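Take a walk through one protein chain, a few stops at a time. Keep the sequence and the 3D view side by side as you read.

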Amino acid sequence: MDREGSIVLGRSRDCDVALPDATVSAVHARLIRRGGRLVIEDLGSANGTFVAGRRISKATIRAGDPVHLGSAELAWTDERLRRFADVGTSIGVPIPGRRFICGACGRRGIMPPGFRAGELRCGACDAKLVVGRPPMAWLPVVAATAATLGIGFGLIAWAAGPSFENGPFHEAAERLLRSTEDTRGAQSSHEASIRVHTSTRVASAIDSTNPITRNSAVRVVAHESGAFRVEQVAHLWTHVRGHWRYVNDPQGGEYFAAASETIANDFAGDCDDFAIVVAAMVSAVGGRARIVMMDGPDGGHAYAEACIPDPPEEVARRLAQYYRQTGDRRLGQQRVDLVHFRSSVDCPVWLNLDWNAGVPGGSYMPEAWAVAIYPNRETETVAPARLNDGDPAEERRLVASPPGN
């Protein structure tokens, strides 16, 4: 008879299976075994539960399926998890002919002449792989995926013959390869996860050339006409922040609204919608912008940064002057004392445009990690902002505004 029951997964040590990762909620998800099936259920986590790259609230899975809690991959090698899921042996993904894919680094390889089954080492990363030809009756079992090495697929099985070339086994292997290629070159596990789960949707939502987005941005900065400059960014941020109404995403999934959609909804949405619309409007009037995804004390968060191609001291002076002279009927008279920003090789000031910041260049929240997403879908791990008794952290530069503001 099939065993039934459930176990709880999360960051807390009180969970049945603990995952010590900052993106995992204290009590994140529940794994249920019922009638021979495994079901994963999200328990209202901050950063979501994903199965094969798709965010879910509840889904039926098989032992070995790629499951992420936040950016942490569920390791089917965990003994408690293996016993519960009844995973008796390691299983892998077969691919056509005599080829194999390394589960640790994703590189393809060819088995040596005369090799039938046993252990191999990947020539690219030196990972140990177990490769074998299963009896035909057991192919469906071997086709399942189990995380044993690297990013989740340590054992790589194989199958010979042209009949597999366009079958489900081949498709599974190709999905594995594409997923691995998507994360290759990532500077952190968080960036790798965001590339797979988030970056494409966020970048697509920054629709700066959409007529609604472009026309709205132009109208806002029309009286600040001329070359792109920080005063235009300040005016855009204040306009959006002054009109903003916070509305949660639908239950059971992260929804990234296109900037044009948010504008059509009279500037309503959550933190990532605010970040996307600000980034899109900055881009629509000739600026460069990016979205930063981070994890902080209150969980996942997103905000925009705009590149200001001027020295930091000049940016601070002009922002302070702008807000001395400009008020907003919704936000009142704002004040700039310190300008908070990141720097990069090609941009002296990536100005903080978080909706919580109070003004452009307002303070960052403490961050465990941070990853930037660009409109062209590129990603970058950036130094997290960490506050220490109010002193500027090494990861970010603070520039005092001029006296008298």
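This is a predicted model: local features need pLDDT of at least 70, side-chain atom pairs count only at pLDDT 80 or more; totals for chains, interfaces and linings use all residues.

Start at Leu-43, which sits in the loop between β4 (37–42) and β5 (49–51). Residues are numbered from 1 along each chain as its sequence is written, and side-chain values use heavy atoms, with hydrogens and water left out.

Is Leu-43 buried or exposed, or partly exposed? Its relative accessibility is 28%, so Leu-43 counts as partly exposed. The scale is this: buried means under 20% relative accessible area, exposed means over 50%, and partly exposed lies in between (1.4 Å probe, protein chains only). Now look for its partners. Leave aside the neighbours within four places in sequence, and Leu-43 is in contact with Val-8, Val-27, His-28, Ala-29 and Arg-30. Contact means heavy atoms within 4.5 Å. Take Arg-30: it is 13 residues from Leu-43 in sequence, and the two C-alpha atoms are 6.9 Å apart in space.

Step back to the whole chain. It holds 10 helices and 24 strands. Of its 405 residues, 53% count as buried. Among contacts with a separation of 6 or more, 57% link residues 24 or more positions apart. The accessible surface comes to about 18,600 Å², and carbon and sulfur atoms account for 50% of that surface. Such areas come from the Shrake-Rupley method with a 1.4 Å probe; for residues, only the protein chains shown count as cover.

The axes of α6 (residues 211–221) and α7 (residues 230–243) come within 9 Å and cross at roughly 110 degrees. Axes are lines fitted to C-alpha atoms, for helices over the stretch in contact, and angles run from 0 to 180 degrees between N-to-C directions. α6 and α7 are therefore roughly perpendicular to each other. That term covers 65 to 115 degrees; under 35 is roughly parallel, over 145 roughly antiparallel, and the rest oblique. Which residues make the contact? From α6 come Ala-217, Val-220 and Val-221, and from α7 come Gln-232, His-235, Leu-236 and His-239. By class, the contact has 4 nonpolar, 3 polar and no charged residues. Ala, Val, Leu, Ile, Met, Phe, Trp, Tyr, Cys and Pro count as nonpolar, Asp, Glu, Lys and Arg as charged, and the others, Gly among them, as polar.

Move on to Tyr-374, in the loop between β22 (369–373) and β23 (379–382). Tyr-374 counts as buried because its relative accessibility is 14%. Not counting residues up to four places away in sequence, it touches Ala-203, Arg-290, Trp-350 and Glu-380. Tyr-374 and Arg-290 are 84 residues apart in sequence, yet 4.8 Å apart in space, C-alpha to C-alpha.

Ser-199 belongs to helix α5 (residues 199–205). It is buried, with a relative accessible area of 4%. Beyond four places in sequence, Ser-199 is in contact with Ile-194, Ile-373, Arg-377 and Thr-379.

End at the loop between α8 (259–264) and β15 (268–269), the place of Asp-266. Asp-266 is not a glycine, although it has a positive phi of about 60 degrees. Phe-267 is found in the loop between α8 and β15, and its phi is near 60 degrees, a positive value in a residue other than glycine. Asp-266 is exposed, with a relative accessible area of 54%. Phe-267 counts as buried, at 7% relative accessibility.

Technical notes. Helices (H or I, at least four residues) and strands (E, at least two) are DSSP runs, numbered from the N terminus.
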